[in-house]
Amino acid sequence: MTLQHYLVISAILFSLGIFAVLTRKNAISILMGIELILNSCNLNFVAFSRFVSIPDNPNNIDGQIIAIFGIVLAAAEAAVFLAIILAIYREFGSIRPDEVDTLKG
Amino acid sequence: MDSLKNIESLLYFIPEILLVVFAAAVIIFDLIVKDRESDKVAYLALVGLGCSLLAILITNSIIGTDEPRNLFFGMIRLDEFAIFFKILLILATSATILFSLRSEELDVKLKGEYFALLLAVTFGMFLMASSTNLLMIFISLETVSLTSYILAGFLTHSPRSSEAAFKYITYGAVASGTMLFGLSLIFGMTGTGDLAEIGERLPEVLASGEVTALGLLIAITFILAGIGYKIASVPFHMWSPDVYEGAPIPITAFLSVASKAAGFALFLRFFYSGFKAPGILDSVDWGLLLAVVSALTMTVGNLAALPQRNVKRLLAYSSIAHGGYLLMGGVLLTSDGLSAILFYLIVYLFMNLGAFYVVILVANDSGSEMIEGFRGLSSRSPLIASAMMIFLISLTGIPPFAGFFGKFFLFKAVIDIDSGFYWLAFIGLLNSVISLYYYARIIKAMYFESADETESFYSTKSALVLLTVFVIPTIFIGFLNIFYSLSGNIALQ
Amino acid sequence: MLLSLMIFVPLIGMIVVLLLPRESEEMIKRVALVFTLVPLIIAVYLFIDYDRTIAGKQFRHGPVPWIEAFNIQYFVGIDGLSVTLMLLTALLGPICVLASWRNIDKGIKAYMALFLLLETGMLGFFAALDLFLFFVFFELTLLPMYFLIGVWGGPRREYAAIKFFLYTLFGSVLMLVALIAVYLKSGDPGARTFEIPELIRLASDPGHALADSTFQMWVFIGFFIGFAVKVPIFPFHTWLPDAHVEAPTAISVILAGVLLKMGTYGLVRINMDMFPEGMAVFANGDGIVGNSLAILGFVNIVYGSFCALAQTDFKKLVAYSSIGHMGFVILGLAAGNELGITGAILQMFNHGVISAMLFLLVGVLYDRAHHREINGFGGLGSRMPVYTGITTLAFMASLGLPGLSGFIGEAFSLIGAFESFPMLTILSTIGIVVGAAYFLWTLQRVFLGTLNPKYEELPEINGREILTLVPLGILVIVLGIWPHFAIEMFSESVVNLTTKMSGILQAGL
Amino acid sequence: MVVPLISIILLAPLVAFAIFALSGIAKRTFPRQDLLSTAAMLIALICSFILLRDVVPEPEPLAVDWISIGEITISMGFYLDSVTVIMLIVVTLVSSLVHIFSIGYMHGDPRYPRFFAYLSLFSFSMLFLVVSDNLLGIYIGWELVGLCSYLLIGFWFEKNSAANACKKAFLTTRVGDIGMFIGMMMLFTKFKTFSLFDGAQDGIFTRAAAELATGDIVWLSIAGILIFCGAIGKSAQVPLHTWLPDAMEGPTPVSALIHAATMVAAGVYLTARMFPILTFPSSLVIAYVGGITAIVAATIAIVRFDIKRVLAYSTVSQLGYMMLAIGAGSYVAGLFHLTTHAFFKALLFLGSGSVIHAFHAMHSHSQHTHGHDEAHADDEAHEHDDLSLVHENLVHEHGSEIPPDQDMRNMGGLRQKMPITFITMLIATLSISGVPFIFSGFWSKDKILAGVLGRAMEWNSIHHYILFGLALCAAFITAFYMFRLIFMTFFGEPRNKEMHNMAHESPWVMAAPLIILAVLSFPVVNTIWFNKDYVIPPKQPHLHAPQHASVSPDTKTGDAKFGFSFFGVSEAQAADEVGGKNGEKADAAYYIYKRAHNIAMALSIFVAGLGILLSWLFYHRRRFSAESVATTFRPVYNLFWHKYYFDEFYDGVLVALTVWKSRLFARFDLSVIDGIVNGVGFATRRVFAAIIGYFDRRVVDGIVNRVAEVTWAAGGRIRRIQTGAIQTYLFVVIGGIVLIILIFRAL
């Protein structure tokens, strides 16, 4: 497995995430898309920290650390997102994103 | 320069620590305090901000003489630039708290967490202003975003507010995700998260051909998506009108000033420290990219503002446009442009917050944010009307108010010797002509039209006092040297 | 120092007025009058005390550092041209206060405050020797004007006000770019300056970046459009009729009397004096480009005159007539020789006085009849002989009757221009005939013929109104008989300009 | 001694006016404005006479620097040569007499004081014009008299006809003035000075002479003609003459002073002043314009019934005469005729005024308020706003429209009723008709004819022969229609009985001026013109004779015996026509002019006599000799026979074509020229200006509004993108990213 493989996979993940975000008609699915995006990023970081080495510190784990933080933030984001989705559901009686469009123009 | 270890860093981290402590304190205090009707909580939050400000000044006096510090193994950097923004942010937050007390739409007397969140978001912005590492950048960005989402949606039982929060978070999540992807690419190219090192490494890898200009372009564009969403620049601006309209007015004011300022802090630090190396500038025409973005941003903002009848939304678009003006300063990545941006941010803080404050007062009086609420304000409350007039004229950028000097500074930065950006300056100036048109509509409503209702305008003494706090700087900043020199010195670092 | 005092006295007046209670209207008016009289006295003193034999700036105050960051200074001083126009401004100040004595019904306090602010702006503009200060004062006149038209104007006041505001702002932003460019070209970072005399010196010393003729051409255009809107030069003129028709009498007086002159003053002070190379490009007389300035002047004259002929609204007619008259100024300036420029400057001053008279007169009639429809009157000559007499004087002065001030300016502009652009000048003389035509025609429709029974009881012009008109009338006659007392003020400066221009034109050929 | 005198002459009337103006500002009137103005005029008159003593033919101009910019210096000053002084005297004299006359004539008018104030202002302007030594000064005076003429024609401005007439006068003359102004610009651009004579610096004349030593005279000719345009306007020459008849709307004294004696003559004076720079082409143009004017006006005069209009046209014709003279180079003759004409024409007008006044007595005094003749004040209210006046003219030529107290057909047989008026007017008529020897008009006219003929013979140029023909013809017609006027007014049976009974001799204050002027119509007082050392015609360095001009030796053999030596005529006279004796050529020319003079005199006496005779036959002895005349002078007979159809003619046969030149000219004058003026006026106002006004509103302003709308619309578009659906926003985000990448990787 070379770096390229990981990158390709993460790229695919990212694209899928974007696709989901753009097309899904359900807020939850959008949340999933977002998670995909974030995970593709994490994958990138880990892969890079594994493969890319720079002179002064041969074994740097920055990437992995970043990935961990990334996961944490993703979780936090998910929480907030779900809370807001609840509020939306209460106010609009639906979580279809295209029905939440009173603010426009 | 070598960076400090964790423990010794704490000394310089006191302002942030104080914010966190007070955030916690506010919540606890809110739980124990019995008297629900008092504003004690708010005042506690203000005290917290005050302490933090004090601490900032102290740290400033410490680093004032010798060179800035890199804290926590170079995660964040404490320099005059950071301190400048911190002070700016504290002012903005304090103003927001006071607004919140005046605002009737949001009944804050019961909600300690509201102020806790405000402190928290300020904390996040502090980090944004001072982070020098990809990781830190992302964390701070997310901190700010998450708290902002909640604040935007703070009006439970208000569909508009919830919708705002929903759009905000969806948009924000995607944007920050995209940014993170870009960050990861940068990390991959350089193998480091430290901006300074990135600045050193990128030219090498570009030179060595390991990284193509295209790759860099993709990475940077992804990152721009994140930053652009924070500063609401085209094409990443579309969340802001809706969110600004939906969120409670104090929060709108806060977002339009503080969050934008923080975004610019990030933007500037990112580009100035990470991407000024000649090799990178040659790879892709960043100047042109930024110029186009800024031109689009101001034009879209102003044009879209033209037909608005909701003053809040109108100001939202106008703040988009101002984001465009501010970007002009960054086009050449010169210290001149940097200082111009800083100066304009000071001015913008006062005039924009002032304008929003008037909107709050009018909304309190008329119950709506529509332009009709301003009819005949000049006769009903001359002081408030003239204050609003001053803010709007200043936003347009007409002498003798500070806004003009700020714009002048920015334009001067763009039309630097033989820069090819005269066209950008022209666009900017034409935009200020267009902007006059919709600002003037508010003035017209206030002065040329007669009031619908006749009973005198509802406003308290303290409200007027607070207003003057914004009016006076808006009038005089332009005439005072200190601010120019201040921004100038910071820029030189 | 004295100069600064003169400039800021009205500002102090504004503060005083603002401090007065809103109810005490008489008091407010008196205070305003006093604070407009002080600058007049100072202006008269300056006019007398001015040393006519030297061209340079006099009564300097400053340079006082203001914004070191850009080396912006507070720096004022006057030459003959400035002092003449400042005298005009200071003279119109109290006259306008008197003219607004009765017919401003609402918010007299705000009105007077804004008016005083406006006067500070105008005086400062004419005196500023720092380009940035110059611009700030230029813009400072915008805001009060906007409100004075927009709040106290006629039915379509909002439209007129915003139109005026947008037009002028449009012009001034272009000017701003040019101004910044000049600043940046003026030297290496740190050595840059906004000081007008210094810039003029640099721009005329060969080899300096400012002296480069292509650069000067572009900057010239920038400033020109800025001023052209104010003058106004075709096709930037359409704000003027609306603004005039809607504005209250006193404001029309200031608008025509002073604000228009700010444009032409700027053309002389900046475009000609600082960018003679750029000027030469548009006034060297070869090809369309070389004649463009003169062509603009010609178009203004003929176009304005014919538009005036087409009007039936008394005030609009006067407004268009001033477009025509400013055309002579442009033509004279384009000529670039002694007579031409002298004529242009005289025309500025005279038009200031005459158009002020005309608008005051229109106001007098409007206050009585409450309409301005020219065909709605008739035979007033027998009803209000004194008013008719004064109007006839003003009309005759305006249509350039020799012996009254209007003639000299027009004649000199034309004679000067004839040397450089014979054909255009001959064509421009059409404007004189048409001018006579519409003024006489108006005179006939309003004052001659059988008295319109509607106005059997129209009251004759009253003492206060006469008081506002007499000083202007005297100026009109005196300047007509002995123009040299005005000319000698600026003849030296004019000679400087012409030597500069001619030198460049020689080099060009 | 000169300066103070001049100052007094100028200031006296000015002060009189100033007092009126100032008291007007103070909303009251000076009690005895009439006496004040008259006194001022008399003072000026006395001073002028004193000036007559100490004046030299070619003095230094008394100039002061008026304006100086850099090296350009424009001076203002006086130039007092003999001609100036004579003009001063003529102006002040006529003006004083008119003042006095007006005291009686204008009595009871509501604006009585204003009338005198205006007269004073006019006198000042006219005097200023006369004494100025430079073109600019002349132009100033020139325009000021124009203003006064405007004010005085429109004195009874309640009459729409008067209101229109004054506007027409001002505008028509202004058209000419523009030409003059352009001419001035040409001269100034060339010579950098306005002053004509050599003072501190060389004047235009000297510089022109120096400049044109090379011989290229084209531009100078153009300049000369352009300046003459001013004269065409002011002196009512064809084609700009139509304002003068209308100007008769003004009070009669005004017509006498401004539109007969002084202002209209200013054009002639100007042309004479410019004499030294007149080239052959320009002088020929001047001569032809003058000649044509003389004929046109004279023939029109034949068919008029309004007594004032007859006189007006005769004035135009006489002015043409003077122009002709100057154009043909007879400087002295032209000015001589100017002075004599000033006196007798003023006399004629005042006389007619006296008649009108007499008839007017029957009108109720109330009518003073609406002027002397409100007959048609009402029926023209409709054309309230009309830049030009073709309709006006029709109305006036239309028999019934003529104010009754000016209509000669209501007169007749006034001989006994108003003896003084009759006698004085008769004298004037004899004078204008050129009855030999004892009347001044004869001498001046004779000099003109002699001059023209002399020029023709000297150069044997066909042009000048034609001009001579024109002049002669005009002389004949003049004699004819002037006596027609006399016969119709004073002789025969009274046609309108009750008006005739009302008529009465005018009071002395009006009669006295008539008598004085009558005295002035005798040549005794004009001897000054025969003193050839007193008035010396300036040289014309640019006047080059046409190539074919030659002086054949045989012309010497004209015998000097022939011709009269009366008041030193012939030799001396002929001599100054040549401009002083200089060598062989002058000697030859001297004989030529002597012979020309004799022929001319003979002919002029003949035509004058013929004219009077015919007039007598037709209008006095009409019922006898109609047929015999008809058979003898067929064309002339037809011409005047057709005159009796003029009522029908003006009733609407305007369209009918006729070969008779009186009608042709009348129609030309009425329809063509006024038609043009009218057309231009209409086009200018209604069409052109309207179009431009529309253009201004729609296009220029429209474009601006378009821009605004487009901007606004763009705003709307951008709004629509903001759909409110979050996923659209996200689309834009992704799209934006992709776009940026695509675009910038290309760069």
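Hi everyone. Two strands count as paired if DSSP finds at least two bridges between them. Keep that in mind, since a bridge is where I'd like to start. In chain C, Ile67 has a bridge partner in strand 2, and that partner is C:Ile72. What you have on screen is a predicted model, with an ipTM of 0.83 and a pTM of 0.86.

Strand 1 of chain C covers residues 58-67, and five bridges tie strand 1 to strand 2 of chain C in an antiparallel arrangement. How many residues sit between the two strands of this hairpin? There are four, and one residue in the turn, C:Asn71, has a positive phi of about 55°. Strand 2 of chain C, residues 72-78, is mostly covered, with six of its seven residues buried.

D:Ile69 faces D:Ile72 in strand 2 of chain D.

Let's zoom out to the whole of chain D. Its secondary structure comes to 28 helices and two strands, and 57% of its 747 residues are buried. Of the contacts in chain D with a separation of 6 or more, 81% are between residues 24 or more positions apart.

A word on confidence before we go on. Chain D averages a pLDDT of 74, and 74% of the residues score at least 70. One stretch to handle with care is 547-584 of chain D, where the pLDDT is below 50; beyond near neighbours in sequence, that stretch has 59 contacts in the model. Another is 637-670 of chain D, again with pLDDT below 50, and with 34 contacts beyond near neighbours in sequence. Where pLDDT is low, the predicted coordinates should not be read in detail.

Next, who touches whom? Chain C meets chain D through 46 residues from chain C and 44 residues from chain D. On the chain C side, the elements that give two or more residues include helix 13 (287-310), helix 15 (338-369) and helix 21 (484-508) of chain C. Which helix gives the largest share of that side? Helix 19 of chain C does, with 10 residues. Sorted by class, the side of chain C that touches chain D has 28 nonpolar, 15 polar and three charged residues.

Chain D also touches chain B, with 21 residues from chain D and 26 residues from chain B. On the chain D side, helix 27 (661-721) and helix 28 (726-746) are the elements that give two or more residues. Helix 28 of chain D brings the largest share, 11 residues. The residues on this side divide into 13 nonpolar, six polar and two charged.

There is a contact to look at inside chain C as well. The domain assignment gives domain 1 (1-283) and domain 2 (287-509) of chain C, and their C-alpha centres lie 22 Å apart. Between them, the contact takes 49 residues from domain 1 of chain C and 50 residues from domain 2 of chain C. On the domain 1 side, helix 3 (80-99), helix 10 (239-246), helix 11 (249-272) and helix 12 (276-283) of chain C each give two or more residues. Helix 11 of chain C gives the most, 12 residues. By class, the domain 1 side has 33 nonpolar, 11 polar and five charged residues.

Last stop, chain A. Chain A has three helices and zero strands. Its C-alpha atoms fill a box of roughly 55 × 25 × 25 Å along the principal axes. Among contacts in chain A with a separation of 6 or more, 48% are between residues 24 or more positions apart.

Conventions:
Residues are numbered from 1 along each chain as its sequence is written. Chains are lettered from A and ligands numbered from 1 in the order in which they are written. This is a predicted model: local features need pLDDT of at least 70, side-chain atom pairs count only at pLDDT 80 or more; totals for chains, interfaces and linings use all residues. Two residues are in contact if their C-beta atoms, placed from the backbone, lie within 7 Å. Ala, Val, Leu, Ile, Met, Phe, Trp, Tyr, Cys and Pro count as nonpolar, Asp, Glu, Lys and Arg as charged, and the others, Gly among them, as polar. Domain bounds come from an automatic or database domain assignment. A residue is buried if 20 or more other C-beta atoms lie within 10 Å of its own, exposed if 12 or fewer, and partly exposed in between; C-beta atoms are placed from the backbone. pLDDT is the predictor's confidence in each residue, from 0 to 100.
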